[in-house]
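Grab a pencil and try each exercise before you read its solution.

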Amino acid sequence: MPDPNGFLRYERQLPARRPVAVRITDWREVYPPAGAELIREQATRCMDCGIPFCHDGCPLGNRIPDWNDLVRTGNWDAAVESLHATNNFPEFTGRLCPAPCEAACVLGLGGQQPVTIKQVEVEIADAAVARGGLNPHPVPASTGRSVAVVGSGPAGLAAAQQLARAGHAVTVYERDDAIGGLLRYGIPDFKLEKQHIDRRMAQLAAEGVQFRTGVNIGVDVTAEELRGRHDAVLLACGALQGRDTPETPGRPLRGVHQAMTHLVAANRVVAAAGDGRPAPAVLPDGTPIDAAGRHVVIIGGGDTAADCLGVAHRQGAAGVHQLDLYPEPPHGRDAERDPWPTWPWVLRNYPAHEEGGDRVFAVAVQEFVDDGTGQVKGVRIAEVTVERRDGRRVVTALPGSERELPADLVLLAIGFEGTEEQPLLAQFGVARNARGAVDARPDWQTDADGVFVAGDMHRGASLIVWAIAEGRAAAAAIHSYLGGTGSLPAPVDPARQPLAAR
Ligand SMILES: Cc1cc2nc3c(=O)[nH]c(=O)nc-3n(C[C@H](O)[C@H](O)[C@H](O)COP(=O)(O)OP(=O)(O)OC[C@H]3O[C@@H](n4cnc5c(N)ncnc54)[C@H](O)[C@@H]3O)c2cc1C
Ligand code: SF4
C-alpha cells in the first residue's frame, strides 16, 4: 500500500546539478547521483493512482507506480526487475528522456509538481550496476533462425536484445566505428557518458548478440547478400538527414555547418582523449570546427541546439547566440492549448542554458555575412512572425528589424528530414515517404517481405523512448514472423502517436 500522504510531506526535488564553473571545464555528466534517501522520498510522493495517467504518457508502458513503491520500501532488486520488464535501457531514458510520463502524472494537475519519475528510474538503474553490474540473460537453446539488425541506435539495440533473449541468432551491423547510434557520437558526454553504452554492449554480447562495426549495409554488404545470410532483417538506420537552408544567401561560406557535423567532431575528440578533458575538434579532413575563442550562432531551438550550446561552452566559445524562429513559449502549461495529461508546449530550459549564451526568439536569418575571404563573419537576422496558412508555414519579416550578430561559427540545428537517401533503400526495394521516413505495415514489415523497420527511420526524428518501444515491438513481430513460440512484448503499434489534445 503506497503512502497516500507522501506528496504532502515531500516537495518535488531533483539533485543539485554540478556547479556551472566546474562542469564547463570537463565533459562529465551534469547531474551527480541523487542518493538513496532523496530518491526514497521522491518515490514516496507517488500516490499509486487507480488510473495511473503516467502510463499513458510513456510509450514503453513502464510500470511506474510499481517501481516507485518498491523504491519507497527499499526493494531495489525487485524495482530494477520491474523496470527491465518494460525497458531494455533505463539508464538511457532515465538520463535523457524529456519524460512525457511526468507531464501526464496526476500530481502535475493544476500546475502542481509531478513525481520525479525519470530521476527515480535512473537511480534504480544505476543502483543495479553498483550492486554487481548488468547480469546477462543468455538463453540455452537457439531457434536456428537468424536476424540482421542494421543500425545500432536504441531501436536496433532494443530489438537485438529482445530477439537474442528469444533464442534467435542476432547480428547488429553498424557503419560507424562504434556501437550506439546517436547515443554514441550525437549526444554529448555531459548528457550521457559512454560507459553506459559499453556496459550494455557487454551485456548484449554475453547474451549472444554479434556486433559488426564499420560495415555500411548497401555499400560494403549488399541487401541481397544480407538477405542470403539471415532469415529476417530489421532496418533501424535513424533519421539523420539534417535539414538545411540552401536558399539563404551566404550558406556556402566557410564556418557554416550542420549541427551534427560539430557534435560528432566534438564527441570523437572526447572519445579519443578518454580523460574527459576538452581538446580542439576537427573534421575528418582536418578542418577545425572548434568553438574556442569564436562567436558562435546556433540556429534552432531543440535538443540538438542545446547540445551544441553545451559543447560550445566547454570548447571555450567567446560568445553564443541561439536563435529560434518561434516566439518564446509560455513558462507553464497553457491548459487551453495543451490540457493535462498531454505534452505541453512550454519553454524548455536545458542545463546548457544555465551555462551561458543568449537566446533570441522570433527571428530568422536573412544572410550569412562574408568577411571578404569566403569565411562567415556574421549573421544578419530579422524579427519575424510565423503563421500557418493552408497547412503551410508562412514566415514574415518585420520591416526595419534587421541587425547583425557576430559569427565565426554557425551551426544549423533546424531539424531532420527523415532517413538518409542511401543505396540500401533501393537495394531492399523500400522508399522514403513524403516525410522522408519508411512506412511499416501493421506487422512492422516494409514493402519488402521479411524486412522490418523501427525507430527514427520509421517515425522520423523522435525520442529514445520511442526508439526503444518501436525496437521492442518490431522484435515481437519478427519473432512471430520466424515462427517463434509464445509472444514478445509489443508496447506500441506502427500507428501509435504521442498523447495529444489534437
Ligand atoms: C543531437 C541530438 C540530441 C538528442 N538528444 C536526445 C535526448 O536528450 N533525449 C531523447 O530522448 N532523444 C534525443 N535525441 C533523439 C534520439 O537520439 C533519437 O530519437 C534516437 O537515437 C533514435 O534511435 P534509432 O535507433 O532509431 O536511430 P539512431 O540512434 O539514429 O541510430 C541509427 C544508426 O544506424 C546507422 N546506420 C545508418 N545507415 C546504416 C547502414 N547503411 N549500415 C549500417 N549502419 C547504418 C547509423 O550510423 C546510426 O548509428 C537526440 C537527437 C540528436 C540528433
Ligand atoms: S500518475 Fe504520478 S502519482 Fe499517479 S501513479 Fe503515476 S507517477 Fe504515481
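**Exercise 1. Count the aromatic pairs in this predicted model, then work out what kind of pair Trp-27 and Phe-190 make**.

Step 1. Start with the rule: rings of Phe, Tyr and Trp (its six-membered ring) pair if their centres lie within 6.5 Å, and planes under 30 degrees apart count as stacked, over 60 as edge-to-face and the rest as tilted. By this rule you get four aromatic pairs.

Step 2. Now take Trp-27 and Phe-190: their ring centres are 6.4 Å apart and their planes meet at 25 degrees, so this pair is stacked.

Step 3. Where do the two sit? Trp-27 is in the loop between α2 (20–23) and α3 (36–44), while Phe-190 is in the loop between α11 (182–185) and α12 (195–206), so the pair ties together parts that are 163 residues apart in sequence. Helices (H or I, at least four residues) and strands (E, at least two) are DSSP runs, numbered from the N terminus.

Step 4. Both Trp-27 and Phe-190 are buried. Buried means under 20% relative accessible area, exposed over 50%, and partly exposed in between (1.4 Å probe, protein chains only).

A quick note on the ground rules: in this predicted model, local features need pLDDT of at least 70 and side-chain atom pairs count only at pLDDT 80 or more, while totals for chains, interfaces and linings use all residues. Residues are numbered from 1 along each chain as its sequence is written, chains are lettered from A and ligands numbered from 1 in the order in which they are written, and side-chain values use heavy atoms, with hydrogens and water left out.

**Exercise 2. Which charged residues lie over the rings of Phe-190 and Trp-466****?**

Step 1. The test is that NZ of Lys or CZ of Arg is within 6 Å of the ring centre and within 35 degrees of the ring normal.

Step 2. For Trp-466 it's Arg-459, whose charged end is 3.8 Å from the centre.

**Exercise 3. Describe what surrounds ligand 1**.

Step 1. Count a residue as near if one of its heavy atoms lies within 4 Å. That gives 37 residues, with Leu-96, Glu-174, Lys-191, Gln-422 and Asp-456 the closest.

Step 2. Look at the atoms: a backbone N or O atom of Leu-96 is 2.8 Å from a nitrogen atom of ligand 1. A polar side-chain atom of Glu-174 is 2.7 Å from an oxygen atom of the ligand.

Step 3. The protein covers 98% of the 1000 Å² of accessible area that ligand 1 has on its own. Those areas come from the Shrake-Rupley method with a 1.4 Å probe.

Step 4. Among the elements of the shell, α15 gives the most, with three residues.

Note on methods. A polar contact is a pair of N or O atoms within 3.5 Å; within protein, one must be able to donate a hydrogen and the other to accept it, and residues adjacent in sequence count only if both atoms are side-chain atoms.
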